[in-house]
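I am opening my notebook on this one. I will write down each thing as I look it up.

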Number of protein chains: 2
Amino acid sequence: MKIIAFADGAGEALGVMTGPEHFVALADVAPKLPTSLVAILEMPDGLLHVAAAVEGQVGKRELASVTLKPFLGRANALWALALNFKTHIEETGLTTSREHPHLFLRTAASYVGAGEPILAPHDDVARAFDYEGELAVVIGKGGRHIPYDRALEHVAGYSCLNEGSVREYQHHNRQFGLGKNFEASGSYGPWLVTADEFGDPSTHRVKTRVNGVTRQDAPLDDMLFDVAATISYLSQAYTLRPGDMIAMGTPGALPPAEDDVEGRDLSRQFGTFKTPGLVHMRPGDLVEVEIDGIGILSNPVSGDEPALYRR
Amino acid sequence: MKIIAFADGAGEALGVMTGPEHFVALADVAPKLPTSLVAILEMPDGLLHVAAAVEGQVGKRELASVTLKPFLGRANALWALALNFKTHIEETGLTTSREHPHLFLRTAASYVGAGEPILAPHDDVARAFDYEGELAVVIGKGGRHIPYDRALEHVAGYSCLNEGSVREYQHHNRQFGLGKNFEASGSYGPWLVTADEFGDPSTHRVKTRVNGVTRQDAPLDDMLFDVAATISYLSQAYTLRPGDMIAMGTPGALPPAEDDVEGRDLSRQFGTFKTPGLVHMRPGDLVEVEIDGIGILSNPVSGDEPALYRR
């Protein structure tokens, strides 16, 4: 089952895909279910109620006629992992613990949905604005002190995620802070694929393309800490809640092709770590994160407005 | 004006203090106003509507008869500053940027309200559980690229905050991650004091007491980055939203008195940095954060349950 949050003229609502291009609006077939995905995940067997409501339905709403939104709204926690792919650790040369996942938080305001524009900071503010193609994990059942071998039972589903990062701000101080939290700097979607449909995360691949050129392509089993280990670790500290999301970290850059002038020219890079095959995101780009079994998260990049006081 | 969120048998609601021990329930005098403080802050002149509704009212509800709750619920962002008081930088010996505030995020689940128990991790999980008495700043009016000299216009009010931290987990990796996000490890309250009533933050003091012994006592003008500078910096990256909170950082420990056996015995400390005058929070303790002009945030410390799988 693929669950979307969409906006049309009438506001924001949930839907379920019934084919590659059509969906049913949940309110049309199950008007008594909550209108937020987090509230559905908080219900006992919430996803089963959704599945029962859409069983046998043929969606007549067209995906192309609505705007997709980030389907979690203001969840309790939007976690992300730093330096979790071996190839990304190598390319940065940075150290990370081999015992404990490297975790930080992002705000809801830092994410948009599939198809919505990602905002590149204005040149006056920052220039090293980087894509990070990742697997997003969404918690379905809460829990505390979850053992490794029970952890995947707590997952509602998965999505694609672009953990857009502003490198200059990330290095303003030792905590990443604002560097991972620029307005609309990241995205997730296009939908939540339920765990039963996605299967074992370690058997899939994540790819990131910028203007059609593949810049990242890695198996999800290259992670230092896998989904189950990360869930188990988080639950040592607090009760994981339905709707908590974990962005599982990004792989390293693919080496650039011979004729890839942009990917080979390190003088165009503004970050602390210059990496062959890395290009920054700029206004006018189209960035896609694809995970087989989920689909493609595609976002155009727009330029943020100039740095003028607005209230 | 002092605004509380409270729980009684009938659920959670907002109130306004009308004297040291009494309040009016907002729903009794303004049933059409939103029931969440963030939603009120999102309204144009929301706080003015609250003030008009309680004008001349004599509250009959007793503060002692309800449980105070964290008044922001799931806000967009709960920021906190690391290493922002010169005395705390000195005692840790850690480096921090002198140009940019040192920022990280906490989840709503990491905070309880005044009077509610703070949870010390079970001994099997961690032992270096530390109080951090701080000023909390709550954004009232959103804004972007806010100049320093306009920043305080965006503040709705202030509160006391205990930014409880689990040092072992904070040092698991380079980002603080879970160390700042244990379940119910911190608190804020007892209420939001509106900015007009509190005045210039730099003229106040923050004090932290554990079981009646003063452990922190510092002027709020010892900050490396003051309230206005921090707001201005945050707004470079994203539109500050009504209800965003900023915990302004904690001062260093007071030197222990001659007869303060607990505060002088560094062998009782489990953290990486051992500091005379620091004691960890343990079950049975009472921790108070006091800021003149706001009041006292008081929390008993309870022991978290053993590290057993719960779902």
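**Entry: an exposed aspartate**

The model is predicted, and I keep that in mind throughout. I began with B:D45. Is B:D45 buried or exposed? I found 10 C-beta neighbours inside 10 Å, so B:D45 counts as exposed; the cut-off for exposed is 12 or fewer. I then looked up where B:D45 sits. B:D45 is in the loop between helix 2 (37-42) and helix 3 (46-54) of chain B. Most residues other than glycine have a negative phi.

A:D45 lies in the loop between helix 2 and helix 3 (46-54) of chain A. I counted 10 other C-beta atoms within 10 Å of A:D45, so A:D45 is exposed.

**Entry: a cis bond**

Next I went through the peptide bonds. Most peptide bonds are trans. The bond from A:G189 to A:P190 is cis, with omega near 5°. I placed A:P190 in strand 14 (residues 186-194) of chain A. B:P190 belongs to strand 14 (residues 186-194) of chain B.

**Entry: how the copies relate**

How is chain B placed on chain A? I noted a rotation of 180° with 0.0 Å of shift along its axis, and the RMSD of the superposition is 0.0 Å. That is the relation of a two-fold axis. The same surface serves both copies, as 100% of the contact residues of chain B recur in chain A.

I then looked at the contact itself. Chain B gives 44 residues and chain A gives 45 residues. On the side of chain B that touches chain A, strand 7 (103-106) and helix 7 (227-237) of chain B are the elements that give two or more residues. I sorted that side by class: 20 residues are nonpolar, 15 are polar and nine are charged.

**Entry: strand 6 of chain B**

Strand 6 and strand 7 of chain B run antiparallel and are joined by four bridges. I picked out one pair: B:L81 has B:L103 in strand 7 as its bridge partner. Strand 6 of chain B also pairs with strand 17 (residues 245-247) of chain B, in the parallel sense, over three bridges. Here B:W79 is partnered by B:I246 in strand 17.

Which way do the side chains of strand 6 (residues 78-81) of chain B point? I saw B:L78 and B:A80 point one way, and B:W79 and B:L81 the other way. All of these are buried.

**Entry: chain A as a whole**

I stepped back to chain A. I counted eight helices and 19 strands. The C-alpha atoms fill a box of roughly 55 × 45 × 45 Å along the principal axes. A compact globule of 311 residues would have a radius of gyration near 19 Å, and chain A agrees because its value is 19 Å. Buried residues make up 52% of the 311 residues. I also checked contacts between residues at least 6 apart in sequence: 73% of them join residues at least 24 apart.

**Entry: two domains**

Chain A is divided into domain 1 (2-68) and domain 2 (70-303). I found their C-alpha centres 25 Å apart. Where they meet, 13 residues of domain 1 are in contact with 19 residues of domain 2. On the domain 1 side, strand 1 (2-8), helix 2 (37-42) and strand 5 (67-69) of chain A are the elements that give two or more residues. By class, that side has nine nonpolar, two polar and two charged residues.

**Entry: a threonine in strand 16**

My last stop was A:T214, in strand 16 (residues 213-219) of chain A. It has 14 C-beta neighbours inside 10 Å, so A:T214 counts as partly exposed. Which residues does A:T214 touch, leaving out those up to four places away in sequence? I listed A:K207, A:R209 and A:L254. I also noted the spacing of A:T214 and A:V289: 75 residues apart in sequence, and 9.7 Å apart in space, C-alpha to C-alpha.

Methods
Residues are numbered from 1 along each chain as its sequence is written. Chains are lettered from A and ligands numbered from 1 in the order in which they are written. This is a predicted model: local features need pLDDT of at least 70, side-chain atom pairs count only at pLDDT 80 or more; totals for chains, interfaces and linings use all residues. Two residues are in contact if their C-beta atoms, placed from the backbone, lie within 7 Å. Ala, Val, Leu, Ile, Met, Phe, Trp, Tyr, Cys and Pro count as nonpolar, Asp, Glu, Lys and Arg as charged, and the others, Gly among them, as polar. A residue is buried if 20 or more other C-beta atoms lie within 10 Å of its own, exposed if 12 or fewer, and partly exposed in between; C-beta atoms are placed from the backbone. Two strands pair if DSSP finds at least two bridges between them. Copies are superposed by least squares on the C-alpha atoms of residues with pLDDT of at least 70 in both. Domain bounds come from an automatic or database domain assignment. The radius of gyration is taken over C-alpha atoms; the globule rule is 2.2 Å times the number of residues to the power 0.38.
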